[in-house]
Amino acid sequence: KILILDFGSQVTQLIARRVREAHVYCEVHPCDVSSEWVRAYAADGRLKGIILSGSHASVYEVDDRAPDAVFELGVPVLGICYGMQTMAQQLGGKVQGSNVREFGYAEVRARGHTALLKDIADFHTPEGHGMLKVWMSHGDKVVELPPGFKLMASTDACPIAGMADETRRFYGVQFHPEVTHTVQGRAILERFVLDICGATPDWIMRDHIEEAVQAIRAQVGDEEVLLGLSGGVDSSVAAALIHRAIGEQLTCVFVDHGLLRLNEADMVMDMFAGKLHAKVIRVDASDLFLRELAGVTDPEAKRKIIGRLFVDVFKAEAEKLKAARPGSKGIQWLAQGTIYPDVIESGGAKSKKAVTIKSHHNVGGLPEQLGLKLLEPLRDLFKDEVRELGVALGLPHDMVYRHPFPGPGLGVRILGEVKKEYADLLRRADAIFIEELRSTIEPHSGKPWYDLVSQAFAVFLPVKSVGVMGDGRTYDYVVALRAVQTSDFMTADWAELPYSLLKRVSSRIINEVRGINRVTYDVSSKPPATIEWE
Ligand code: XMP
């Protein structure tokens, strides 16, 4: 196993992710653990190496240092950014503060043929030096190597951008190998954990399940947990995992707001109550939602209403459940499918003065209001890891690899006022579009179009246009199809779906969904358009 000591950088979890991608088991712990703790952690003989993360602070602002035991156990140590600086300072080198920050792309020249960087390069200088394209973010820098260390890498702005003591197998890099902007970052971290530390690449998702299950049991004990199941990937995987850990102690509440996709509620119930035998309470609140949404056309107002009602309904259920078992310890925990990008986003959001483009619906604040403790078993995982975990837990592939679906559901895909009639038409049109995307194979990749786009859906436009069907005139609604490709949902391109596919979808919708007589395809990218229409 590899121990990662976290000095508070925003990207520490990325180190863990890269190590896990190399199939090596690792754990992230705060940097202020004691030396005794580190020795005890290593006592089983499984510890193969230690990585010291970066920090958002400077060595002059904080006095965080690695526990001395880190450098006394005889295992390799890699310091990244602040981790390298504290290593240098603790081992007798010198770090200089600076008010000039080096931030972003840099080219680093590898030096001294170290085991860490040997034969790893993006390109070579005419003199034959290996060069690395890396990502830097630091103000302070090491200006004097500690005794026993040699220079491993440098840039113009940062002459000591890497250092190594190959006898003790201590390495430091000023750049961030864990971020993807450092092209060879993965190779460097793999080199460290596999070759230098000699860790065995035998960690797989199944092991993670076992660890996570143990951790949930230890955390929850004999108390009960409540989870809001939305049918989305994250809450579904969290539910399956917690159910695996504590079975009957978990109760899921599934609020059907009437703005779900076709058959979605039944599918979720069938999976969790039917197949997994989990306790799921289905609350049919569609009348309430539709009633409260009647007459409301403003998108933000709609979102707020849906968000508020969702919380109200969920809270009422939670309180009923808490009251139902007087005397017993009752429900003490609220579980959420928070994943690592959510953690970063909310941490980052505090410092940024972001303009609200759309108020995303979430249930933040609920645990305090309900007096419940928060259980978030997916907090350290990235989306693709969550999916892998879901499959390993036995959830169906189609459910786990579904496109994202916004919390307010069809509420933001029916433009203007939401009506049941509109939702019913939209559900059917959307289902046809998705069905065709799933069944049409793109010949070059051999994959269905559904897997080649990041998100696809239909949007209901409450305008009527004239058409002709058989001998008669029609005067019916319009549906827009939207399919986008994106890696982070911050920017997106409209997908160049084949005309033949669009043609089939359009003719099926118009023929099968009475009430819709026109289909259009949305060819706007984000920005300036957003992915959803509202
Ligand atoms: P936009 O429309 O902002 O969407 O380009 C970006 C991504 O976010 C999803 N989305 C939401 N998800 N609650 C959610 O949980 C919301 O209120 C919400 N609004 C948009 C959208 O589907 C896309 O994946």
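**The last stretch and beyond**

Reply: Pro527 sits in the segment that follows strand 23 (516–521); strands here are DSSP runs of E with at least two residues, helices are runs of H or I with at least four, and both are numbered from the N terminus. The model is predicted, so local features need pLDDT of at least 70 and side-chain atom pairs count only at pLDDT 80 or more, while totals for chains, interfaces and linings use all residues. Residue numbers start from 1 along each chain as its sequence is written.

The bond between Lys526 and Pro527 is a cis peptide bond, with omega about -15°. Pro528 lies in that segment after strand 23 as well, and the peptide bond from Pro527 to Pro528 is also cis, its omega being near 5°. Most peptide bonds are trans, and most residues other than glycine have a negative phi.

The phi values give two cases to look at. Asn263 is not a glycine, yet its phi is positive, about 60°. Asn263 belongs to the loop between strand 14 (250–256) and helix 7 (264–275). His277, in the loop between helix 7 and strand 15 (279–284), has a positive phi near 55°. Is Asn263 buried or exposed? Asn263 is exposed, because 11 other C-beta atoms lie within 10 Å.

Next come two helices. Helix 14 (residues 420–439) and helix 16 (residues 499–512) pack with their axes 9 Å apart, at an angle of about 150°. Axes are lines fitted to C-alpha atoms, for helices over the stretch in contact, and angles between N-to-C directions run from 0 to 180 degrees. Helix 14 and helix 16 are therefore roughly antiparallel, a word for angles over 145 degrees; under 35 is roughly parallel, 65 to 115 roughly perpendicular and the rest oblique. Ala429, Ile432, Phe433 and Glu436 of helix 14 make the contact with residues of helix 16, including Leu501, Val505 and Ile509. Two residues are in contact if their C-beta atoms, placed from the backbone, lie within 7 Å.

Conventions
A residue is buried if 20 or more other C-beta atoms lie within 10 Å of its own, exposed if 12 or fewer, and partly exposed in between; C-beta atoms are placed from the backbone.
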